[in-house]
Amino acid sequence: MNAIMTQCKFELLRIFRNPYFVFWTLFMPIVFYFIFTNIVNTGVPDQNEWEAYYLMSMTTFSVMGSAIMNFGIRMVQEQTGGWSTFLKLTPFPAWAYFTSKMFGQLTMHLLSIIIVFLAGFLINGVSLSFSEWLFSGLWILMASIPFLALGSLIGTMKKVETASGVSNIIYLALAVLGGMWMPIHTFPAFLQHVAEWLPSYHFASGAWEIISGNSPDWKSYLVLVGYMFVFMVIATYVRGKQES
Amino acid sequence: MGNVVQLEHVTKKFGKQLAVKDVSLTIEKGSTVAILGPNGAGKTTTISMMLGLLEPTEGVVKVFDKSPKETIVRDRIGAMLQEVSIIDMLKVREVIEMFRSYYTSPLQVEELISITGLKEDVLGKWANKLSGGQKRRVGFALALTGNPDLVFFDEPTAGLDITARRNFWEKVETLKSQGKTIIFTTHYLQEADDFSERIILFNNGEVIADGKTEEIKRNLATRSVSFLTDDKEVMALVQTFHTVIRCFEKDGRFYIVTSDTDAVLAQIFQQGIHAKDVAIEQGRLEEVFEHLTSNDQEVM
């Protein structure tokens with residue numbers, strides 16, 4: 001138990017000290033948020049609603065980035081550098097190591113949510129009810145788990161360069177096509193259909209629903225859980241194959 | 001039982017490639033064993049199986065009478081592997097602290113510093129940004145963090161200069177005096193000779209010699225009889241002689257390595273071999289080692 005606590009502490013430290021993390025998952029979304037709610041004239045009818053809506057988009061964008069990029073690339077680094085092998089020699093079990101990493105990530109996600117929410121409040125004075133803040137935050141935290149599964153799938157790649165290239169592309173594609181940058185109703189009909197099958201759309205959509213006073217659509221639960229299973233199964237399969 | 005490591009008919013295949021062939025051996029508590037052999041001889045594969053990192057294709061590997069994968073076993077072993085890059089974003093001190101949390105009775109940081117000769121200022125450095133020598137020291141410290149009874153060093157001194165090598169072995173002497181079992185692989189025959197009580201010589205995945213360092217030296221560094229001859233059939237004939245360990249041809253000279261030069265000479269004359277310029281040489285261990293493990297035109 002003591003070992004797991006220590007491990008969690010160091011995992012957190014490592015994430016915090018990573019400059020890419022700070023840049024991609026905090027700085028970028030907040031800058032985007034500022035630009036699209038203050039500088040670019042989006043011509044939306046209800047500016048207040050847009051500011052809250054776009055805050056949810058950028059928070060999910062931030063958390064998704066950390067889950068896909070940080071988690072997966074770190075795993076590849078530890079694998080290729082021989083560190084994972086080295087750890088196998090210690091009495092610290094692999095599951096405990098993985099759990100600590102998950103814990104570190106989820107704590108990071110929680111912090112990212114708080115920081116980006118706070119930025120929305122400070123930049124635009126976004127005001128939501130306490131339960132809207134709470135439940136949208138909780139939704140984003142929980143619904144980030146399928147993206148950690150995607151991260152662990154990227155973590156099975158053999159080279160750091162491939163992993164970082166692929167995860168960048170997936171991350172940006174998911175963000176744009178899922179309507180995190182621009183609402184999907186501005187998309188052509190064909191792309192709207194695509195979006196409805198993407199985990200990123202449902203990730204953000206759940207949060208959008210919560211701040212509009214609804215609860216997330218059952219379809220969002222279904223799609224996200226479905227993707228999580230698929231990612232986990234493939235990642236486990238690939239890992240099993242690599243080890244044999 | 002006194003056996004710390006036990007291998008029974010262990011074979012390891014990678015696809016069709018045979019990396020280790022039917023190896024059986026036991027290593028006793030408190031001994032220092034050198035695993036010697038050229039690249040690709042199966043040293044690292046064998047060590048990896050002892051460490052539970054690789055599963056043998058056939059046979060059984062036991063460490064402390066259990067599977068090396070068991071947590072209780074892991075708690076009692078430490079290892080320095082080749083080419084491990086320590087994770088980023090942590091200081092050396094933090095990595096050591098992290099490792100200490102893994103074991104039931106770890107050594108204190110001060111103890112680790114005194115055993116490994118790790119410098120205080122290195123503790124404050126980023127663990128993934130160390131010089132080669134510092135990295136090796138940190139690896140040494142991590143191997144000993146759990147105060148292990150059994151320590152593995154895989155090519156611990158490769159790429160180190162002479163002073164650093166001597167330093168390292170001095171530290172290992174201390175471990176030996178504490179009664180720890182030490183298994184190391186090396187390219188340097190001299191190191192095996194100086195620091196081990198037992199040598200296990202690997203070639204092409206097989207153990208080709210195993211015994212006390214002194215014995216190996218006596219047996220391997222045996223004398224050889226050499227001569228010049230025009231007779232092409234000699235090789236096959238000489239193979240059948242008593243006391244012949246092996247024969248090879250080098251620079252036109254024909255060499256017979258034997259434990260008894262007198263017996264070989266007697267047989268040469270008995271068989272009426274046309275041998276000219278006969279000489280008896282005292283084989284050096286280095287030379288024997290080279291021949292045993294190289295793939296030149298040697299006939300065995």
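A: Let's start with Phe130(A), which sits in helix H6 (residues 130-142) of chain A; helices here are DSSP runs of H or I with at least four residues, strands are E runs of at least two, and both are numbered from the N terminus. Keep in mind that this is a predicted model, where local features need pLDDT of at least 70 and side-chain atom pairs count only at pLDDT 80 or more, while totals for chains, interfaces and linings use all residues. Residues are numbered from 1 along each chain as its sequence is written, chains are lettered from A and ligands numbered from 1 in the order written, and side-chain values use heavy atoms, leaving out hydrogens and water.

Phe130(A) counts as exposed because its relative accessibility is 65% (buried is under 20%, exposed over 50%, partly exposed in between, with a 1.4 Å probe and protein chains only). Together with Leu134(A), Phe135(A) and Leu138(A), Phe130(A) makes a nonpolar surface patch of about 420 Å² accessible area. Patch members have over 30% relative accessible area and no salt bridge, with nonpolar side chains (Val, Leu, Ile, Met, Phe, Trp, Tyr) joined within 5 Å and like charges within 9 Å; areas are Shrake-Rupley with a 1.4 Å probe, and for residues only the protein chains shown count as cover.

For contrast, take Glu78(A), which is buried at 4%, and Arg14(A), also buried at 1%. Glu78(A) and Arg14(A) form a salt bridge, closest N and O atoms 2.9 Å apart (Lys or Arg side-chain nitrogen within 4 Å of an Asp or Glu carboxyl oxygen).
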